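Open the model in your viewer and keep the selection panel at hand.

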Amino acid sequence: MKLKFKDWNNYLGWAMFLIASIVYLSTMERYLSLWDCGEYIVSSAKLGVTHAPGAAFFQLVGAVWSILAFGEGTHYATIINASSAIYSAITVMLLFWIITFFVRKLFNAPNDNTVSVNAIKLTKAQEIITLGAGIVGASAFMFSDTFWFSAVEGEVYAMASLFTALIIWLGVKWDADADSPAGNRWLVLISLVIGLSIGVHLMAILAVPVVCYFYYARK
């Protein structure tokens with residue numbers, strides 16, 4: 001069966017997730033880094049209060065992950081570090097889809113922002129360029145020093161990066177569905193995700209102007 005562009009886009013996105021998961025899980029810290037990570041690992045496992053009490057959602061999710069340690073205290077650090085690796089791998093996957101969305105928009109000949117990305121028809125060469133751009137961009141981010149550093153330890157930045165990417169990706173989903181009667185459901189979901197992101201790190205708020213620009217450009 002011949003695969004369509006949408007299928008390749010989905011499969012390659014999940015492939016980027018798998019590759020990133022392998023890279024981060026195989027290189028992650030097995031115990032703890034000598035800074036805030038120990039504090040966040042313990043506060044997640046025991047539902048304590050950190051020096052920045054605004055990371056409540058991170059600690060709640062971390063407490064769920066900690067169940068996998070089955071009460072063995074020496075495994076808490078490994079589990080929480082692994083959760084950061086998974087968050088970061090999901091971020092890479094979402095980044096791939098965000099990049100392919102924007103590249104498809106660039107190929108929109110009339111440069112009309114009101115046209116849904118689903119209505120843009122690409123040639124075979126344009127499809128290859130789009131998917132290639134997603135692979136190169138997501139790979140460059142995957143192996144970047146700062147992101148890789150936060151992906152292998154139990155700190156809030158991996159989950160904050162995930163929320164940042166998730167907010168923008170949901171904006172992409174709204175853009176593709178904006179003409180339908182139920183399109184604004186994505187905006188409601190974005191509002192929920194923004195609220196949850198505040199319970200991790202305020203850096204995710206930087207994605208809000210991007211979503212506002214999506215709305216402005218589309219409408």
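What covers the buried residues of α3? The cover includes α2 (37–46), α4 (76–106) and α7, where covering means contact, with heavy atoms within 4.5 Å. Helices here are DSSP runs (H or I, at least four residues), numbered from the N terminus.

This is a predicted model, in which local features need pLDDT of at least 70 and side-chain atom pairs count only at pLDDT 80 or more, while totals for chains, interfaces and linings use all residues. Residues are numbered from 1 along each chain as its sequence is written, and side-chain values use heavy atoms, leaving out hydrogens and water.

Select α3 (residues 56–66): Phe 58, Gln 59, Gly 62, Ala 63 and Ser 66 are buried, that is, under 20% relative accessible area with a 1.4 Å probe, protein chains only. Look down the axis of α3: its buried residues fall within an arc of 135°, so they line one face of the helix. The arc is taken over directions from the helix axis to the C-beta atoms.

Next, show the largest nonpolar core, which has 52 residues. Such a core is a set of buried Ala, Val, Leu, Ile, Met, Phe, Trp, Tyr and Cys residues joined through side-chain atoms within 4.5 Å. Tyr 24, Phe 58, Val 92, Ile 167 and Val 200 have the most contacts inside it. The largest share, 12 residues, comes from α7.

Centre on Val 92, which touches Met 16, Ala 20, Tyr 24, Ala 138, Met 142 and Phe 147, not counting residues up to four places away in sequence.

Technical notes: Buried < 20%, exposed > 50% of the residue type's maximum accessible area, 1.4 Å probe, protein only. Helix = DSSP H or I, 4+ residues; strand = E, 2+ residues; numbered from the N terminus.
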